[in-house]
Amino acid sequence: GLGEDDLRPQRPYTLSAASGHQFARQAVHSHGAWRARRLLTSANAPAAAADYATQHAQLLQSPLGDSAPLFEQAADARLRGKPIAVGGETRGIVASASYEARKFGIFTPMPMARARKLCPKLIVLPGDFERYEQFSHWMFGYCYDFTPDVEQTSIDEGYFDLTSNRNKPAVEIALTIRKAIGQRLKITVSEGIASNKLVSAIASKLNKPAAFDAVPPGGEAAFL
């Protein structure tokens, strides 16, 4: 709830690059990278801090989207590549559909009876939310290996701030996490990297499944 005035110095001063970076890290810690970047690039922010935020305040969103069938396929190899719907087995609606099922025109929240008519070989599962929660825990665990700043917005979607990790480029870290989840959990994720949440969310959803897009700082307007 703080405004730009809360980050402005109360007296004239000169900052070195090191102190500017410290100022930026404090802002990121207090406000989150996406908000800190806007605040730090204001006219009264230290130049070194603004440079730090612009270059390193990168957020990555990793949405699974319709994750229930993916979790089911990850847990049971026999289900991989087959049309799956999670929901009421005889009555009710489709709560989630695999990409294989979508090819038959099945979507959420379609009545299950209609889905079965569109795809007679549709595999309908009741759902196992404890299993989904466990897979979610494992998936986000790979994110915590690289940064403590993980914001999980749902069981299958979230953001992680790579600002504090200066050992590797953000794209390299994202690809490492993507590969680990794919190899060990057998789950395909879509990722988007950008300097704010909105752009990273759009980047991660453009070419699903298995989307990956990185928007460099300053390129947000052209990308949108």
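Student: Leaving aside its neighbours within four places in sequence, which residues is Leu 79 in contact with?

Tutor: Keep in mind that we're looking at a predicted model. To find Leu 79, go to the loop between helix 4 (67-75) and strand 2 (84-87). Once you skip the neighbours within four places in sequence, the contacts of Leu 79 are Glu 72, Gln 73, Ile 84, Ile 123 and Leu 125.

Student: Is Leu 79 buried or exposed?

Tutor: Buried means under 20% relative accessible area, so that's the number to check against. Leu 79 comes in at 11% relative accessibility, so Leu 79 counts as buried.

Student: How far apart are the C-alpha atoms of Leu 79 and Pro 69?

Tutor: Along the chain, these two are 10 residues apart.

Student: Let's move on to helix 8. What does it reach from its first C-alpha to its last?

Tutor: Helix 8 covers residues 170-185, which makes 16 residues. At 1.5 Å a residue you'd expect 22 Å, and the model is close to that. The reach of helix 8 is 22 Å.

Student: Which residues of helix 8 are buried, and why are they on the same side?

Tutor: The buried ones are Ala 170, Ile 173, Ala 174, Ile 177, Ala 180, Ile 181 and Leu 185. They're on the same side of helix 8 because they cover an arc of only 130° around the axis.

Student: Which residues touch the most other members of the largest nonpolar core?

Tutor: Nonpolar side chains tend to be buried together in soluble globular proteins. Here the largest nonpolar core has 23 residues. The ones touching the most other members are Ile 177, Ile 181 and Ile 187.

Student: And which element gives the most to this core?

Tutor: Helix 4, helix 7 (129-144) and helix 8 are the elements that give two or more residues to this core. The biggest giver, with seven residues, is helix 8.

Student: How many residues are in the second, separate core?

Tutor: Look for Ala 97, Ala 101, Ala 115 and Leu 122, which this second core includes. Its count of residues is 11.

Student: Where is Ser 190, and how far is its C-alpha from that of Ser 204?

Tutor: Ser 190 is in the loop between helix 8 and strand 7 (191-194). At 3% relative accessibility, Ser 190 counts as buried. Ser 204, one of the buried residues of helix 9, is 14 residues away from Ser 190 along the chain. Their C-alpha atoms are separated by 5.4 Å.

Student: Which backbone nitrogen lies 3.1 Å from a polar atom of the side chain of Ser 190?

Tutor: Two backbone nitrogens come up with this side chain. For Ala 210 the distance is 3.3 Å. The one at 3.1 Å belongs to Ala 211.

Student: Which residue caps the N-terminal end of helix 9?

Tutor: Helix 9 spans residues 197-205. The cap uses a side-chain oxygen that lies 3.2 Å from the backbone nitrogen of Leu 198. That oxygen belongs to Asn 196.

Student: How many disulfides does the structure hold?

Tutor: A disulfide is a covalent bond between the sulfur atoms of two cysteines. Cys 119 is buried, with a relative accessible area of 2%, and Cys 143 is buried with 2% too. The number of disulfides in the structure is zero.

Definitions and conventions: Residues are numbered from 1 along each chain as its sequence is written. This is a predicted model: local features need pLDDT of at least 70, side-chain atom pairs count only at pLDDT 80 or more; totals for chains, interfaces and linings use all residues. Side-chain values use heavy atoms; hydrogens and water are left out. Buried means under 20% relative accessible area, exposed over 50%, partly exposed in between (1.4 Å probe, protein chains only). Helices (H or I, at least four residues) and strands (E, at least two) are DSSP runs, numbered from the N terminus. A polar contact is a pair of N or O atoms within 3.5 Å; within protein, one must be able to donate a hydrogen and the other to accept it, and residues adjacent in sequence count only if both atoms are side-chain atoms. Contact means heavy atoms within 4.5 Å. The expected span of a helix is 1.5 Å times one less than its number of residues. The arc is that of the directions from the helix axis to the C-beta atoms. A nonpolar core is a set of buried Ala, Val, Leu, Ile, Met, Phe, Trp, Tyr and Cys residues joined through side-chain atoms within 4.5 Å. A disulfide is a pair of cysteine sulfur atoms within 2.5 Å.
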